[in-house]
Amino acid sequence: MLALLGCYTTDGEPGLRSVRVHADGAIEPRGALAMESPTCVVWHPTLPVAYATNETLGGGITAVAVEDSGAMEVIGTAPTGAAPCHAAVTGDGRWLLTADYVGGSVSLVALAPDGRPREAVDRVRLSGSGRHERQDAPHPHMVAVDVVGEPALCVDLGTDRLTSLAVTSDGRLERRHTWVLPPGTGPRQVLSHPSRDGLLVVGELSGTLLHVTLGRRDDDADETVAEVLAEVRTTAGHETVFPAQ
């Protein structure tokens, strides 16, 4: 299996690396590519192309063609909001979305049939804050695609909210609905519950894992309170922890 590893580059590391993961668990370094702080790396659903978020205040994504040998070549870039920390590609391979942590936004990038980024075509800016000192403003930390029947779901650590988004036929991001989590949760990542009943939500600031259902939307309201079915701490001790994924 070929894997790609990203990192912050404040310590002079080359940035993006490719490694071969062998059946016995051995990890063999293959290639390295210099770029600035590729902190999240995602694959195109059908092509040997990967996308790295360049988590800088300038903000952007870099597309990389990856050979079977692990050799990598930059094939394009596109701007995003400030400090994109997570990306997702839609199942049809036409769109890439980024969660812009400092920018407080979700950016939409159009992709060409060969996987090259064409341009950033739209951006949704979030608003609000929370009770924790790190919740001074919106801080999107993840965009999940195709979960619990939603085309895309933005996870906002800064406002304790999950916001549903859809890409329209003319290439625009459309905000659909927002669900509110308990104050101070600081949600960082989500995934579908194995039972397909709701979501598992990592609360970075609360140090907990939540099982929530989004429930029926009230079409007359912009927000709905998410139902928490269970919440457990992610440590058996009393130390402060910040679960990430």
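Student: Okay, which residue does the side chain of Glu-223 meet in a salt bridge?

Tutor: Keeping in mind that this is a predicted model, the side chain of Glu-223 meets that of Arg-161 in a salt bridge, with 2.8 Å from N to O. The pair links distant parts of the chain, since Glu-223 is in strand β19 and Arg-161 is in strand β14, 62 residues apart.

Student: And how exposed is Glu-223?

Tutor: Glu-223 has a relative accessible area of 38%, so it counts as partly exposed.

Student: How many salt bridges does the structure hold?

Tutor: It holds six. One of them joins the side chains of Arg-134 and Glu-204, at 3.0 Å from N to O, and here Arg-134 sits in the loop between β11 and β12 while Glu-204 sits in the loop between β17 and β18, 70 residues apart.

Student: Which residues are linked with Glu-204 in a network?

Tutor: Arg-134 and Arg-188 are linked with Glu-204 in a network of salt bridges. In the bridge between Arg-188 and Glu-204, the closest N and O atoms are 3.1 Å apart. Arg-188 lies in strand β16 and Glu-204 in the loop between β17 and β18, so this pair ties together parts that are 16 residues apart in sequence.

Student: Is Glu-204 buried or exposed?

Tutor: Glu-204 is buried, because its relative accessible area is 5% and the cut-off for buried is under 20%. Arg-134, at 28% relative accessibility, counts as partly exposed, and Arg-188 counts as partly exposed at 22%.

Student: Since β16 came up, what order do the strands of its sheet have?

Tutor: The order is β16-β17-β18-β20, in an open sheet of four strands with antiparallel pairing. The edge strands are β16 and β20, each of which pairs on one side only, and the twist from one strand to the next averages 20°. Between β16 and β17 there are five bridges, and the bridge partner of Gln-189 in β17 is Val-202.

Student: Changing topic, how many residues of β9 are buried?

Tutor: Six of the six residues of strand β9, which covers residues 95-100, are buried, so the strand is largely enclosed by the rest of the structure. Trp-95, Leu-97 and Ala-99 point one way from β9, whereas Leu-96, Thr-98 and Asp-100 point the other way.

Student: Which strands does β9 pair with?

Tutor: Strand β8 is joined to β9 by five bridges and runs antiparallel to it, with His-86 having Ala-99 as its bridge partner. Strand β10 pairs with β9 over six bridges, also in the antiparallel sense, and there Thr-98 stands opposite Ser-107.

Student: What sits in the turns of those hairpins?

Tutor: The hairpin of β8 and β9 has five residues between its strands, and Gly-93 in the turn has a positive phi of about 70°. In the hairpin of β9 and β10, with four residues between the strands, Gly-104 takes a positive phi near 65°.

How values were computed: Residues numbered from 1 in each chain as written. Predicted model: local features only at pLDDT ≥ 70, side-chain atom pairs only at ≥ 80, totals over all residues. Heavy atoms only, no water. Buried < 20%, exposed > 50% of the residue type's maximum accessible area, 1.4 Å probe, protein only. Helix = DSSP H or I, 4+ residues; strand = E, 2+ residues; numbered from the N terminus. Pairing = 2+ DSSP bridges. Axes fitted to C-alpha atoms, helices over the stretch in contact; angles between N-to-C directions. Salt bridge = Lys/Arg side-chain N within 4 Å of Asp/Glu carboxyl O.
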